[in-house]
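Colleague: I am new to this structure and would like to go through it by question and answer. Please show it to me.

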Amino acid sequence: MKQIWLFGALCLLLLSSCTPENTPNDRGTGETSETDQMQNSQVESSETQTSSEQVSSEPEIVADHLSVPWSIQKDGDIFYLSSREGKVLKIEDGRSEEQEVALEEELSSVSEAGFLGFVLAPDFSDTQEAYAYYTYEADDGRFNRIIRLHLQGNEWQESETLLDEIPSGSVHHGGRLAIGPDDKLYATTGDATSPETAQDRDLLAGKILRLNLDGSIPDDNPFDDSYVYSYGHRNSQGLTWGADDILYASEHGNSQNDEINKIEAGKNYGWPTIEGENTAEGMEAPWITTGSEKTWAPSGIAYHEGKLYVAALRGTALLAIDTESKETTELFTDFGRIRDVYIDGEDLYFITNNTDGRGEPSDEDDRLVKVPLSVVEEQ
């Protein structure tokens, strides 16, 4: 009997030692062993590290060595940037190529001029069409015009003139184009260094213009038989729409007194009668101004979830402006002059403009830069 008992005890001992480590303990709680907890901790740590690596806090250079880029557009994964030198810079998979642009008039090369505003048509994927704004030299002077372009192969061709003989000068050409939520084409024009033209509603200089996409005048424009949407502008270079379809425009002041304006149809924004913090009856004071102590030279702007993002040239920064508090933060101040900003999905893009003759270009300039909005909003 003693031998049988010893044999049975030995069997029980062997069975106990062979029980898998992840078998629930004798209290039936299903708790994992210390070894499993260590393994799970290592997996979670690895997953956390991978997640943080996917969203880098460092700006990503999408493309570099660009030649005087001015406007950012994007179709799918392909970028199209206008270059003041009269080309479209196509960027795909980090590779940049210059697409020729066949214009009907001689492109002007005076300061601030050239091939400026550029926006893809809403049906670009089907039509391969876009809209552009450029400065040209003619026998009787210098002008700006708004045109339709058609992409054929690897060349853009001017296919139609929508609006011509917008006054131009040595500087202050305006040039920003944008398609609004109303499917109209908006354009900013500068005062062409003749400030008094901004107050003359019969002239196209110093204005924000509004066109149908076929170049005709919309029936609901504020002034009869006129492209003029707002007037009294010195040199606006940025347009975007915020919450409730509010139109914002950036504007260069005279040395200082740069402005961000909320644009309303038919309103007079004061130049050259008022600027900065000055006021006058029948004229709109700026929504935001730098005043006489600071300058931004604001250019392209974009909106996302309660904030305006403004490209600043002389300010050498990307500005983030809270549309409720008007609190302004300077971001990405190590890139020099910033010309345009573009938001697509969860990412923000901007282009530098250090090769425009007024910056101090690095060996890599100019550049297209990408930053996740989640990173931007944490700054």
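Colleague: Leaving out residues up to four places away in sequence, which residues does leucine 163 touch?

Modeller: This is a predicted model. Leucine 163 belongs to the largest nonpolar core, where it is among the residues that touch the most other members. Not counting residues up to four places away in sequence, leucine 163 touches Arg145, Ile146, Leu204, Leu209, Leu211 and Tyr227.

Colleague: How many residues are in the largest nonpolar core, and which element gives the most to this core?

Modeller: The core has 20 residues, and Ile146, Leu163, Leu177, Leu185, Leu209 and Leu211 touch the most other members. Elements that give two or more residues to this core are S7, S8 (129-138), S10 (155-167), S12 (185-188), S13 (207-211) and S14 (228-231). The element that gives the most, with 3 residues, is S10.

Colleague: Is strand S3 largely enclosed or open?

Modeller: Ile78, Tyr80 and Ser82 are buried on one side of S3, and Phe79, Leu81 and Ser83 are buried on the other. In a regular strand, side chains alternate between the two faces of the sheet. Because 6 of the 6 residues of S3 (residues 78-83) are buried, the strand is largely enclosed by the rest of the structure.

Colleague: Which residue takes a positive phi near 95 degrees in the hairpin of S3 and S4?

Modeller: S3 has antiparallel pairing with S2 over 6 bridges and with S4 (residues 87-92) over 5 bridges. In the hairpin of S2 and S3, with 2 residues between the strands, glycine 76 has a positive phi near 65 degrees. The hairpin of S3 and S4 has 3 residues between the strands, and the residue there with a positive phi near 95 degrees is glycine 86.

Colleague: What is the bridge partner of tyrosine 80 in S4?

Modeller: Tyr80 is one of the buried residues of S3. S3 and S4 run antiparallel. Within S4, the bridge partner of tyrosine 80 is lysine 90.

Colleague: Is isoleucine 263 buried or exposed?

Modeller: Isoleucine 263 lies in S17 (residues 259-263). Leaving aside neighbours within four places in sequence, isoleucine 263 is in contact with Ile208, Tyr229, Ser230, His233, Leu247, Ala249 and Tyr269. Its relative accessible area is 6%, so isoleucine 263 is buried.

Colleague: In the open sheet that holds S17, which are the edge strands?

Modeller: The sheet has 4 strands in the order S15-S16-S17-S18, with antiparallel pairing. Strands that pair on one side only are the edges, here S15 and S18 (288-289).

Colleague: What is the bridge partner of glycine 238 in S16?

Modeller: S15 and S16 (residues 247-251) pair in the antiparallel sense over 5 bridges. In S16, the partner of glycine 238 is serine 250.

Colleague: Which element supplies the largest share of the lining of the largest pocket?

Modeller: The largest pocket has a volume of about 570 Å³. Its lining has 29 residues, with Gln73, Val119, Ala178, Ile179 and Tyr342 nearest its centre. By class, the lining divides into 18 nonpolar, 7 polar and 4 charged residues. The largest share, 5 residues, comes from S2.

Colleague: How many charged residues does the lining of the second largest pocket have?

Modeller: The second largest pocket has a volume of about 320 Å³. It is lined by 21 residues, and Glu112, His252, Ala297, Arg314 and Arg358 are the closest to its centre. This lining has 3 nonpolar and 9 polar residues, and its number of charged residues is 9.

Terms used
Residues are numbered from 1 along each chain as its sequence is written. This is a predicted model: local features need pLDDT of at least 70, side-chain atom pairs count only at pLDDT 80 or more; totals for chains, interfaces and linings use all residues. Side-chain values use heavy atoms; hydrogens and water are left out. On a 1 Å grid over the protein atoms alone, a cavity is a set of points where a 1.4 Å probe fits but cannot get out, and a pocket is an open set with protein on both sides within 12 Å along at least five of seven lines; lining residues have an atom within 4 Å of a point. Grid points are joined across faces, edges and corners, and a volume is the space filled by probe spheres set on the points. Ala, Val, Leu, Ile, Met, Phe, Trp, Tyr, Cys and Pro count as nonpolar, Asp, Glu, Lys and Arg as charged, and the others, Gly among them, as polar. Buried means under 20% relative accessible area, exposed over 50%, partly exposed in between (1.4 Å probe, protein chains only). Contact means heavy atoms within 4.5 Å. Two strands pair if DSSP finds at least two bridges between them. A nonpolar core is a set of buried Ala, Val, Leu, Ile, Met, Phe, Trp, Tyr and Cys residues joined through side-chain atoms within 4.5 Å.
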